[in-house]
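Please look over the sequence and the structure shown here before reading on. The paragraphs below are meant as a guide for someone meeting this structure for the first time.

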Amino acid sequence: MHEDLVSCLTRQVKEEVVENYLLERRLLELQIEHLNSLAGSALKQAQGAGLRLARLMSLMIEPEMRLRLEATLGLGVLRFWSSFMEAPFKGRVRFIRATALTRGAKFRKLILEAYLRLHARMRQYEELYSQVLNECSAVNTNIDAFQKNFDLLCMIRFLKGLDTEAVERKKILGENFTAGEMAALDQNLYISPVSVENLKIPEPLRLPAPDSIRGKLVGLADEVFARYPAKVRQILI
């Protein structure tokens, strides 16, 4: 009777330990899935901001003026954003309607509105990017706690110590595993911390506030209009 009770309690303890491990692991996997989904949304947001950057750059018409705009905005060499600065603009964004009495004034409004929309999109992306960083930090904290609370090898040793029946130990608890097999098992079930770099989302551009560079943007618009009037007219058609 006593042995049956011990055996029953032992099995219940085992089941509870394993169930807790599987539950906590599944919760952690769901958190990682949510983080990856959030990162995917952030990347789409970044691409939307990149298209607004490409549009603004296209309004500079020639490489020399694009470089001037880059200097005005304080842009450095950034892989993700550089691809939008250098690629031709394909117009996959909402059309800007600018009205004015003269072409020059209309072009100024077009430049200013293009920058306003870029700045707004970048701010939206910056907020989402911060959410991803915070979520990543929280997930890594949970991964660290999980690894400490559920050291797999220690857990198996603990469960093996609860059982007095050799058959149970061999069939369920893996006493017949070699040291190499145990190490491989631990490695395969190990959950690595999440790296922000592996999420492949770019750091947001730190753009100047629109009001702070309004005068410089107007100056660039006037210079582009004066240097390339025919190409500007084609844009304004």
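Predicted model: local features only at pLDDT ≥ 70, side-chain atom pairs only at ≥ 80, totals over all residues.

Together with Leu23 and Leu27, Leu30 makes a nonpolar surface patch of about 250 Å², and leucine 30 itself is partly exposed, with a relative accessible area of 38%. Charged residues also deserve attention, since side chains of opposite charge can pair when their charged atoms come close. Arg25, Arg26, Glu29 and Glu33 are linked in a network of salt bridges, in which glutamate 33 meets arginine 26 at 3.5 Å, N to O.

Helix α4, residues 103-149, holds isoleucine 111, which counts as buried because its relative accessibility is 1%, below the 20% limit for that class. Leaving aside neighbours within four places in sequence, isoleucine 111 is in contact with Leu56, Leu59, Met60, Leu217 and Ala221.

Aspartate 222 forms a salt bridge with arginine 108, their closest N and O atoms being 2.6 Å apart; because aspartate 222 lies in helix α9 (residues 214-227) and arginine 108 in helix α4, the pair ties together parts that are 114 residues apart in sequence. The side chains of arginine 206 and glutamate 126 likewise meet in a salt bridge, at 2.5 Å from N to O; arginine 206 lies in the loop between α8 and α9 and glutamate 126 in helix α4, so this pair ties together parts that are 80 residues apart in sequence.

Methods: Residues numbered from 1 in each chain as written. Heavy atoms only, no water. Patch = residues over 30% accessible without salt bridge, like charges linked within 9 Å, V, L, I, M, F, W, Y side chains within 5 Å. Areas by Shrake-Rupley, 256 points an atom, 1.4 Å probe, with all protein chains shown as cover. Salt bridge = Lys/Arg side-chain N within 4 Å of Asp/Glu carboxyl O. Buried < 20%, exposed > 50% of the residue type's maximum accessible area, 1.4 Å probe, protein only. Helix = DSSP H or I, 4+ residues; strand = E, 2+ residues; numbered from the N terminus. Contact = heavy atoms within 4.5 Å.
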